[in-house]
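I opened the model and kept notes as I went.

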Amino acid sequence: MSPTVLVSKLSMPRLANLVHRPRLVEQLDQAIEYPLVVVQSAAGFGKTHLIYDWLQHNNHHVCWLSLDAMNNVPSEFWRYICASIEGLHPNITAEAQALLSNSYIDDVSEVCDRLITALNQFTRHRLRPNHCVLVLEDLHHIDHETILSSLSRFIDHKPYWLQVVITSRALPALRLPYRLSQKQASVINAQDLNYTLEECQQVLIKELGQSIDETVIQDIYDKSHGWPAAVQLLGLSIRHTKLKPGSYNLNSEFLSEYLMEEIYSNLDPNTQVLLCIACLLPNFNKAALSFITQTQVSKSEYDAVLNSGLIRQEHEDTVSLHELFRQRLEQYLTENRPQDIQSWRKAALAWLVDAEQFEAAFILAIKMQYWARAAQILGDLFIHPSKIGHLDYLDFLLNHFTQAHIKALPKLGLFQSILYFSQFKKSLLHESLKQTQLCLNQLEDTLSQIHDPNQHADILFAAGIKNSLEFNELIQAMQILKDLVCLFDGKVDQLKCIDEVFQLSERHPMYSWWYYLQFVHAFMREDFPQAIALGKKTLKIARENNDALCCITTASWLSHGLYQHGDLKSAFEYCLDVQTWLAEINALNLPNITALYGALGFLYVETRDVENAWRMYEKVEASITPFSEPREVVFNQYHLKFRLLMCSQEFDAAQACIDDIVQFEKTHIHQYEHASYSAMPDVSILNALLQLKRNNVMPIIEWAMQYSEQQPMVAMKQNFEQFIRIIGLTLSGQDLSEEHQQLINTAQSSKHVSREISLSLFKCSYLYAQGEHQAAQEIFHKTVSRAYALGYRQLILDAGHVIISLLENISPTSNLVEIRETLLHKVEYAQPSTTTSSSATHSSLTKEAHRHAQQFSALTPRETEILEQVAQGKRNQDIAATLRITLPTVKRHIQNIYSKLDIHSRTEAALLFNAIKI
């Protein structure tokens, strides 16, 4: 959730005692066709006064934005631009703001383009104003290169009826020389803004409320050189002090001191105090002054402040001091009343927080070097760690602290950890988590040694934590984040949230993430009934808390779980429902939206809705950002593409996709120590399955022969790889019917319906290849009917050429005719005309075995024993242990076997041995 937009920054100030300047207003009128107008000068030249004067004398629609240093962040700048322009029409900035709702936004060019597109489309709207002026006041606060380049692009491509008017103390880097040469910009500078003698007279008469001697006017004009601030403030001084011409110095560097002596010192003490307090606030009202002084400021006292002549800006319900004077007053307080200013600043800080002016409060806390309070306010700005606003804005705010402060204040450490986690800066993340946890532990130890609750509160406040409740929430939020990192890294044994009962209400922002951890953990264990129940609960809580990030990631995992559980209808319903909800809240541009599009893509592939599947793939590609987690990219982009190409029989393109996966993983995935903690099949398996589709069984047999569980892996991946191993070894001629049935039993017990069906279909293919046609037909009819009823389509076709042949040969009188027509409609398969790949392979291998029969008889008993071990896929170390011989002996015997059989690999040896057995 982003920080609140300050409405005061979107309001055009109401300026009193304004002197109309026809010559400059006319100059602005003449520049009405220019896309850009820049009013540039130092402080005190009346830039804002001029724009206000101009707008008061025409009927232009105005979008106003007063900028400050807190807007020097790309996402914040464009968020406020959108908020300003939104006044044209409620929905005009919807698409741009949807992008800005992306916490992980890095490149704002798309935001700029969406806004440009929306404004151009609005050109033909019946409610469009004839001319609209977007005023960007004080652009000198903005020097971020990304902001300036995107603003320049906005100016280049905005519609003709929108004019950008900028006030700034320096010329902005917006290609002004080029724009001026092309007559696409107009610049009004300090020389233009200086008063003429006539304007000087008007100002002085307005300020003094009476006629004034011409010699005095000339003297002021000569000494001020027409500088507006000097003229106006000197007029105030003359009114208050009755100064005579020649008794004052208008050199700009002494002006503020002069005002202190001639205006401030002549005010009554109470008004002086109220002005001193006012200078600590960007804007104020009577309530603010009463809060800080802890006394009720009367109307007459407040009027004295307003009539002091030092109030130069008025907003809807607040006013502010003239900037030239405010800084001098604050300097005066620092030098002469240090205790008072510290006390007033603390009270001002409390008022700003109470008024929810968190940005101004944050700046004041930093100025006071009140780091613990600044950390608390940072939490107020973002409400809660799970609701972080834009990461560039968070980074900008954290940069106000030193690393020493971040290490000492656990809330800052948590924020920094979230930032690193989102940016995939793994080494920095782990160090930040470690340091923050150490800080929390030390704080807990300190509190445990003290029994006075009041001292507890003081200790927590000094650590940037409001109270014990927030402290407990911070500990729990930290543990959830650490567990998310453990889940990310595959360190399942270190998960703590799974077994703990957190004291969090369902409305707590981290509650849904706690359920998410339990959900994914159950999913990886293939406990689908529990996983699905937890996933639905997680999704419900995330929706209630408007946590779109958690909704997306949960919905994508849940859809895969429902697919594997045999509930494709619900999988679709959950994904589409979440997609609709995200569209309603303008959250379709969050970084993990890729996962939702990917989940829908896989579901469309399964139902053979190829057109929609490709559409989802295109959405996946378009939604990949620098913040996208690499393994999510591999699965949602590359694996989805591979699946699409495979079901479309585009095998060459599928091979190219595998090559792309290999290259991407080399670049992005190698850094993860626990990459095995994944349900994704390895690229080697994808390649083997692709070659199997092309009737080349060797890669899957070789993979099965070499397979060994080198390291622990999740149950889902382990069971899948066991399935692939059974396929490979069965194709090599081994009888693994018992292991095959055991895997079916495992799938049934975990309710992994899709794998159970796939295993049954493979059993059908194997029996058919062995000539057991009747048994194969029985399994075929039962399994295909069940799979089809559950919604599976591509899963049936993926079972291989035997299943497709059986579908093609379904009798016209069979109750499976509709299934046959649906599955094979407009589908062409490259397959052998008379035999299945497995039976053809067996025939070829048997002929090869007969050719080598004489060589087999030459093997010694020990070599035959070792060959049998090789055929079972065992490694040399395992063979040595089984036969109780040394490893060098095993290697020597294998070399002899290769020589006698005229072969070159373990796979060839195993295939020939199994073929001889058959």
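My notes run from the whole chain down to single residues.

I am working on a predicted model, where local features need pLDDT of at least 70, side-chain atom pairs count only at pLDDT 80 or more, and totals for chains, interfaces and linings use all residues. Residues are numbered from 1 along each chain as its sequence is written, and side-chain values use heavy atoms, with hydrogens and water left out.

**Confidence.** I checked pLDDT, the predictor's confidence in each residue from 0 to 100. The protein chain has a mean of 84, and 88% of its residues reach 70 or more. Residues 671-675 fall below 50, and this stretch has 11 contacts in the model beyond near neighbours in sequence. Residues 826-846 are also below 50, with 35 such contacts. Contact here means heavy atoms within 4.5 Å.

**Whole chain.** I counted secondary structure next. The protein chain has 48 helices and seven strands. These are DSSP runs numbered from the N terminus: helices are H or I with at least four residues, strands are E with at least two. Of the 918 residues, 55% are buried. Buried means under 20% relative accessible area, exposed over 50%, and partly exposed in between, with a 1.4 Å probe and protein chains only. I then took contacts between residues at least 6 apart in sequence: 70% of them join residues at least 24 apart.

**Cores.** Which residues have the most contacts inside the largest nonpolar core? I found Ile480, Tyr516, Leu582, Phe780 and Leu807, in a core of 106 residues. Such a core is a set of buried Ala, Val, Leu, Ile, Met, Phe, Trp, Tyr and Cys residues joined through side-chain atoms within 4.5 Å. Helix 26 (residues 511-524) gives the most to this core, 11 residues. Not counting residues up to four places away in sequence, Tyr516 touches Leu484, Leu487, Thr538, Cys550, Thr553, Thr554 and Trp557. A second, separate core holds 62 residues, including Leu321, Ala360, Tyr393 and Leu398.

**Helices 19 and 20.** I looked at how this pair packs. The axes come within 12 Å and cross at roughly 170°. Helix 19 is therefore roughly antiparallel to helix 20. Axes are lines fitted to C-alpha atoms, for helices over the stretch in contact, and angles run from 0 to 180 degrees between N-to-C directions. Under 35 degrees counts as roughly parallel, over 145 as roughly antiparallel, 65 to 115 as roughly perpendicular, and the rest as oblique. Leu378, Leu381 and Phe382 of helix 19 meet Tyr393, Leu394, Leu397 and Leu398 of helix 20. By class, I get seven nonpolar, no polar and no charged residues. Ala, Val, Leu, Ile, Met, Phe, Trp, Tyr, Cys and Pro count as nonpolar, Asp, Glu, Lys and Arg as charged, and the others, Gly among them, as polar.

**Two aspartates.** Is Asp380 buried or exposed? Asp380 sits in helix 19 (residues 371-382) and is buried, at 12% relative accessible area. Beyond four places in sequence, Asp380 touches Val353, Phe358 and Lys466. Asp392 lies in helix 20 (residues 391-398). With neighbours within four places set aside, Asp392 contacts Val73, Pro74 and Ser75. Asp392 and Ser75 are 317 residues apart in sequence, yet 7.0 Å apart in space, C-alpha to C-alpha.

**Helices 36 and 38.** I checked another pair. Helix 36 (residues 715-731) and helix 38 (residues 753-769) have axes that come within 12 Å and cross at roughly 5°. Helix 36 is therefore roughly parallel to helix 38. Residues of helix 36 in this contact include Phe720 and Phe723, and those of helix 38 include Leu759 and Phe762. The contact divides into eight nonpolar, three polar and one charged residue.

**Backbone check.** Most residues other than glycine have a negative phi. I looked up two with positive values. Glu526 has phi near 65°. Glu526 is in the loop between helix 26 and helix 27 (528-544) and counts as buried, at 2% relative accessibility. Arg884 has phi near 60°. Arg884 is in the loop between helix 46 (876-883) and helix 47 (887-901) and is exposed, at 80%.
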